[in-house]
Amino acid sequence: MSVEVKIPTVLRKHTDGEASVTASGGTIRELFDDVAGRFPEFREKVMGDDGELHRFINVYANDEDVRYLQGMDTAVADGDVVAILPAVAGG
Amino acid sequence: MRDFTEEQVHRYARHIILPEVGGAGQRKLLDASVLVVGVGGLGSPAALYLAAAGVGTIGLADHDAVDITNLQRQILHTTSDVGRQKAASGAETIEAINPDVNVVVIDERIDASNAFRILDGFDVVVDGSDNFPTRYLLNDACYLLGKPLVSGAIFRFEGQVTVFDPRREDSPCYRCLFRSPPAAGSVPNCEQAGVFGVLAGTIGTIQATEVIKLVCGIGEGLVGALLLYDALETRFTRVRVARDDSCPLCGSSPEITEPIDYQEFCG
């Protein structure tokens, strides 16, 4: 599976400035493992040691929050778009 | 028209002629009281449009002074305001735009000890703050007091807007969206990372739009939806925000029953 993972600006310094990374995997967890394989800092910025998402990071698979699907085990298919959304506080 | 002075009939003519607003909606705006927390990038455009729209009472809460680096986006303040307190500087601008507005200057930093007192009497709260502790505090206080919160946030070229309305059973709160804040120092702030000045105008103006719609009771709002804006790509995206039954504030077994102070994480 080849899925586009959109990287928010706050995390791009951990993906060599890439705004979007094409990743392989059948679930969100597999996609993120693939991204973290290439960009090691990505993992700790998005997930805790338990392998679950930080509580200030949301992930949307085709605009649906994966916490209300199957979380990190949510299945993805070719052509899906996965977006990462961190809480931001600027005003 | 009854209930309006002749000058008000002219001043608000373009609203009154809109069937969705009309005289009744304009009356609601004149009777409304809106608290703007953070008189900066988001609070400036929000307060300006709320004032122009004739919101009768506008509270401006901020404890900072105007710095020259603010002027790239904080359009309530002018060069000659550098060094003045933001709440007072903003009040002067608003009074010049619309003398109908009663401006309440709140030159205080909101914390758990004063949140209920400061929010008391306001119908709607606009979150234009620049830090996570204030965002969580405002969320908790608004939920506990049953006041709608129009939340906006910006970072570099990206903005987020949504509305939390505890008067509605289906409304999520900020903790349903982001359960807990990032750890201290883990997230860069606008001072370190920069912010595209005009983005504050876009997001703050959307916040004002949602306040005016809430007050008038018109249109589809942003309760249950998070609007994302990428200024660099000129792209708006909407994602659903569901109410979380396990939320520590608004879920079925709440753990948060009074305002809490977080230590400062970032500015």
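Guide: Happy to! In this predicted model, Ala47(B) touches Val36(B), Val39(B), Ile58(B), Leu60(B), Leu76(B), Gly90(B) and Ile94(B), leaving aside residues up to four places away in sequence. Together with Val34(B), Val36(B) and Ile58(B), Ala47(B) touches the most other members of the largest nonpolar core, which has 100 residues. Helix α10(B) supplies the largest share of this core, with 10 residues. In soluble globular proteins, nonpolar side chains tend to be buried together.

Helix α1(A), residues 28-38, buries Ile28(A), Leu31(A), Phe32(A) and Val35(A). These residues lie on the same side of α1(A), because they span an arc of only 95° around its axis. Their cover includes β1, β2, α2, β3 and β5 of chain A.

Take β3(A) from that list: five of its five residues are buried, so the strand is largely enclosed by the rest of the structure. Ile57(A), Val59(A) and Ala61(A) are buried on one side, Asn58(A) and Tyr60(A) on the other. Five bridges link β3(A) to β5(A) in antiparallel fashion, with Tyr60(A) partnered by Ala83(A). Two bridges also pair β3(A) with β4(A), again antiparallel, and here Ala61(A) stands opposite Glu64(A). Two residues separate the strands of this hairpin, where Asn62(A) takes a positive phi near 50°.

How values were computed. Residues are numbered from 1 along each chain as its sequence is written. Chains are lettered from A and ligands numbered from 1 in the order in which they are written. This is a predicted model: local features need pLDDT of at least 70, side-chain atom pairs count only at pLDDT 80 or more; totals for chains, interfaces and linings use all residues. A residue is buried if 20 or more other C-beta atoms lie within 10 Å of its own, exposed if 12 or fewer, and partly exposed in between; C-beta atoms are placed from the backbone. Helices (H or I, at least four residues) and strands (E, at least two) are DSSP runs, numbered from the N terminus. The arc is that of the directions from the helix axis to the C-beta atoms. Two residues are in contact if their C-beta atoms, placed from the backbone, lie within 7 Å. A nonpolar core is a set of buried Ala, Val, Leu, Ile, Met, Phe, Trp, Tyr and Cys residues joined through C-beta atoms within 7 Å. Two strands pair if DSSP finds at least two bridges between them.
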